[in-house]
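Here is a short briefing on one protein model. Have the sequence and the structure at hand as you read.

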Amino acid sequence: MNRIVILGAGYAGLAAATSLAGRTRRRSDVRITVVNADERFTERLRLHQTASGQRLADLRIPDLLAGTGVEFVRGWVTGVDAAARRVRIDDERVLEYDRLVYALGAVADTAAVPGVDENAYTLDSAHDADLLARRLAGLGGGTVVVCGSGLTGVECAAEIAERHPGLDVVLVGRQEPGATMTPGARAHLRRALARLGVRVVSGVEVVKVLPESVELAGGDSVPADVVLWTSGVRVPPLAAAAGLAVDERGRIVTDPTLRSVSHPQVYAIGDAAAVRQRYGVMHGTCQSGMPTGVHAALSIARELDGRQPRPFRFGYLHAPVSLGRRDAVIQFTHPDDSPKRLYLTGRAAVWYKETVSSSGWPSFRRLQRYPAVGSFAWRRGGRYTR
Ligand SMILES: Cc1cc2nc3c(=O)[nH]c(=O)nc-3n(C[C@H](O)[C@H](O)[C@H](O)COP(=O)(O)OP(=O)(O)OC[C@H]3O[C@@H](n4cnc5c(N)ncnc54)[C@H](O)[C@@H]3O)c2cc1C
């Protein structure tokens with residue numbers, strides 16, 4: 001029996017599980033187990049919606065996997081023994097594997113600045129987003145400071161400002177919001193934030209988060225009733241503690257086929273993996289995470305057939321950014337994620353963003369039924385990755 005254990009049932013883990021189930025359905029010598037903290041699928045792309053008080057669909061992982069032969073284990077992974085090929089769950093149960101797919105994602109980098117752990121909210125899980133939603137609902141007025149002016153920070157600030165017009169929302173960060181976009185897209189984004197009443201403080205460095213303010217380098221501070229931290233990502237220390245080779249952010253370093261460079265029986269995918277392409281190490285997105293899951297499944301299926309896995313190639317397509325529920329901006333990109341001239345705004349962009357955000361769950365079902373289709377479903381990057 002080939003025991004394949006997939007850790008994490010987010011976008012990457014479920015793409016791997018459903019593709020692999022589809023690819024191995026005629027084999028009786030494969031056992032696939034998926035481990036995840038929760039039975040409910042976390043639509044991480046939409047956590048800013050949860051944080052601002054919106055209810056999301058109740059998507060259940062055991063329902064998705066019913067009838068596929070994949071076993072679902074609900075529990076918290078507390079350790080991986082990569083030498084003995086064992087995984088510990090809730091410090092109680094042990095699962096043995098022949099191949100491991102590591103897809104436990106990443107979290108906000110709360111260690112970068114003092115006071116974040118104690119005084120700021122994050123959007124690392126549905127539970128975190130719920131806590132923030134409750135706090136915002138209970139505030140009669142006051143100031144919410146969103147730290148991090150990257151695209152996640154922009155989405156969060158816009159969503160909170162739209163849903164809570166009685167709150168002052170301040171977006172604080174190093175870069176100008178939309179810095180990676182073309183001037184036209186960036187100008188649209190700035191106008192949308194201004195219309196929603198979001199105050200932007202960019203070109204600054206947050207050095208400390210206190211219970212009632214955010215301190216900036218140079219001595220200024222921004223008063224805050226609530227702080228949301230969206231700046232930077234890191235991978236929890238589980239992978240490093242297992243002895244897997246990791247980079248400076250704790251991501252598992254992979255070879256071109258997505259196997260760990262130190263432990264080739266471990267595939268690393270999604271935000272937890274440091275995957276190098278010709279243009280650099282990919283940054284974590286759902287856009288790239290799902291293809292890594294599909295590719296890992298394809299590689300494992302090839303290995304089971306006695307064939308060599310192939311190199312993974314990926315090129316970015318777009319950066320879709322919601323600006324509340326009634327506006328959005330979609331920046332189309334070159335495969336290396338640099339912006340193209342083309343961008344969408346307004347209603348067309350809202351429709352596009354919603355189509356992208358809701359595509360994950362139906363894709364998992366399709367991958368399971370038609371696994372071959374999954375292999376064609378992303379951009380390979382042409383000369384950018386060759
Ligand atoms: C607000 C927000 C907006 C975003 N918008 C976009 C966007 O528009 N486009 C885009 O491409 N990307 C976006 N992203 C990034 C995207 O969500 C991530 O890149 C994507 O979720 C990564 O997928 P993953 O499967 O690697 O990790 P995840 O989706 O985070 O899945 C990891 C899974 O592992 C589980 N887990 C973690 N640790 C353990 C443990 N120890 N034991 C058991 N289970 C565990 C988690 O519960 C989770 O189910 C956004 C992120 C945020 C926070």
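F332 sits in strand β23, residues 328–333. Strands are DSSP runs of E with at least two residues, helices are runs of H or I with at least four, and both are numbered from the N terminus. The model is predicted: local features need pLDDT of at least 70, side-chain atom pairs count only at pLDDT 80 or more, and totals for chains, interfaces and linings use all residues. Residues are numbered from 1 along each chain as its sequence is written.

**Around F332**
- F332 counts as partly exposed because it has 17 C-beta neighbours inside 10 Å. (Buried means 20 or more other C-beta atoms within 10 Å, exposed means 12 or fewer, and partly exposed lies in between; C-beta atoms are placed from the backbone.)
- Beyond its neighbours within four places in sequence, F332 contacts H318, K340, L342 and Y343. (Contact means C-beta atoms, placed from the backbone, within 7 Å.)
- P264 is 68 residues from F332 in sequence and 35 Å away in space, C-alpha to C-alpha.

**Ligand shell**
- The ligand has 32 residues around it, and G8, G10, G105, G270 and T285 come nearest. (The cut-off is a C-beta atom, placed from the backbone, within 6 Å.)
- Elements giving two or more residues to this shell are α1 (11–23), β2 (30–36), α2 (47–51), α6 (151–163) and α9 (286–304).

**Whole protein**
- The protein has 12 helices and 24 strands.
- Its C-alpha atoms fill a box of roughly 60 × 45 × 35 Å along the principal axes.
- Buried residues make up 48% of the 386 residues.

Terms used
Contact = placed C-beta atoms within 7 Å.
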